[in-house]
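These are my notebook entries on a structure that I had not examined before.

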Amino acid sequence: MIKHFAASTVVALALGGCAVMQPEEKLAPQPQAPGVELTKEQGGRFIAFVSPRQQHSAPFLGVDDTNFFCLRSWLDNKTGETAHQLYVEDSYYGGPYLWNGVYDTANTKLNLVAISRNQITCELGCSFADEFAAELPEAYLRGHKDGFAVTFISSNGKTLAVKVPAEMVAAEINAVDAVKDVAAKAAANPPAAPAAPTAAAAPATAGSPAAASPAPPSSAGKS
C-alpha cells in the first residue's frame, strides 16, 4: 500500500537511507501551485510534492533549514494513490525528546512518523535536531482546506504546536490534482502508433514476365 511506502521507503530514500537509489529528477512546478516543488522518484513511479516551508519557531542559533514545517505528498503513477505528511524539523537544547504522539485541535489522533535524530553538539550542553511527521489521510487533508493545527507531544513533557495555513493546504492539493489531471489526459489520449512502413516491391527475377527478353521485331511488310 502507498501509505506504507510513503511512510517508510520514500522517506528513507529522501534521507539517503537506501543502498540502491535511482537519481531524482526535478520537475517544473505546476502553474496552479508555483511554490510547490515536484520531484520524480524511483524512475517516475512516484512524484513527490513539497510545499514552501514555514517556521514553527525561530531558526536554531540563526541557522537556516532548522525549526520549520511543510507538507509533503507522494503520487503513485501506477495506482493513482496519494499519501501526505506534515513534516517537521525541530532543533533544540536539552532532551533528547521522545516524540510519541500528535493530535489536532479536535483531539483527532494522527499517526506519528519518526524519521531521524542527530546530536548537534554536547560542548555546552547537548542539542539535537529531530525530524518527524504526522501522516495525513487523503480525506483529512482535503477536509481541512481552511488549514489546521496540531500538537506533537513527547513522553518527557515537551509539546510542539504547528499551525498549517489554508494557503499551504490549497497549494499542495492543487499541485497534486494538476499532475493527476495531466496523467489522466495522457492515459485517455495515448499517442497514435506509428504507421507501418510500406513494403518495397520485390526485384524482378529471371524467368518472371518482367524479366523476359523483348520479342524480336516483326517481319511483316518485308519482301
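**Entry 1: terms and ground rules.** I count two strands as paired if DSSP finds at least two bridges between them. Helices (H or I, at least four residues) and strands (E, at least two) are DSSP runs, numbered from the N terminus. I note that this is a predicted model, in which local features need pLDDT of at least 70 and side-chain atom pairs count only at pLDDT 80 or more, while totals for chains, interfaces and linings use all residues. Residues are numbered from 1 along each chain as its sequence is written, and side-chain values use heavy atoms, with hydrogens and water left out.

**Entry 2: the open sheet.** I looked up strand 7 (residues 99-104) and found that 2 bridges join it to strand 8 in the antiparallel sense. Within this pair, Y103 has K109 of strand 8 as its bridge partner. I then traced an open sheet of 4 strands, antiparallel in its pairing, in the order 8-7-11-12. Its edges are strand 8 (109-110) and strand 12 (159-164), each of which pairs on one side only.

Entry 3: L112 stands opposite A134 of strand 10.

**Entry 4: the cysteines.** I searched for disulfides, that is, pairs of cysteine sulfur atoms within 2.5 Å, and the count came to 1 disulfide. C122 and C126 form it, with their sulfur atoms 1.8 Å apart. The link of C122 and C126 is right-handed, with 110° about the S-S bond.

C122 is partly exposed at 34%, and C126 is partly exposed at 29%. C70 is buried, at 2% relative accessibility.

**Entry 5: the nonpolar cores.** A nonpolar core is a set of buried Ala, Val, Leu, Ile, Met, Phe, Trp, Tyr and Cys residues joined through side-chain atoms within 4.5 Å. The largest has 25 residues, of which L71, L86, F148, F152, V162 and V164 touch the most other members. Strand 10 gives the largest share of this core, 4 residues. Apart from this core lies another, of 9 residues, including A33, L38, A175 and V179.

Conventions. Buried < 20%, exposed > 50% of the residue type's maximum accessible area, 1.4 Å probe, protein only.
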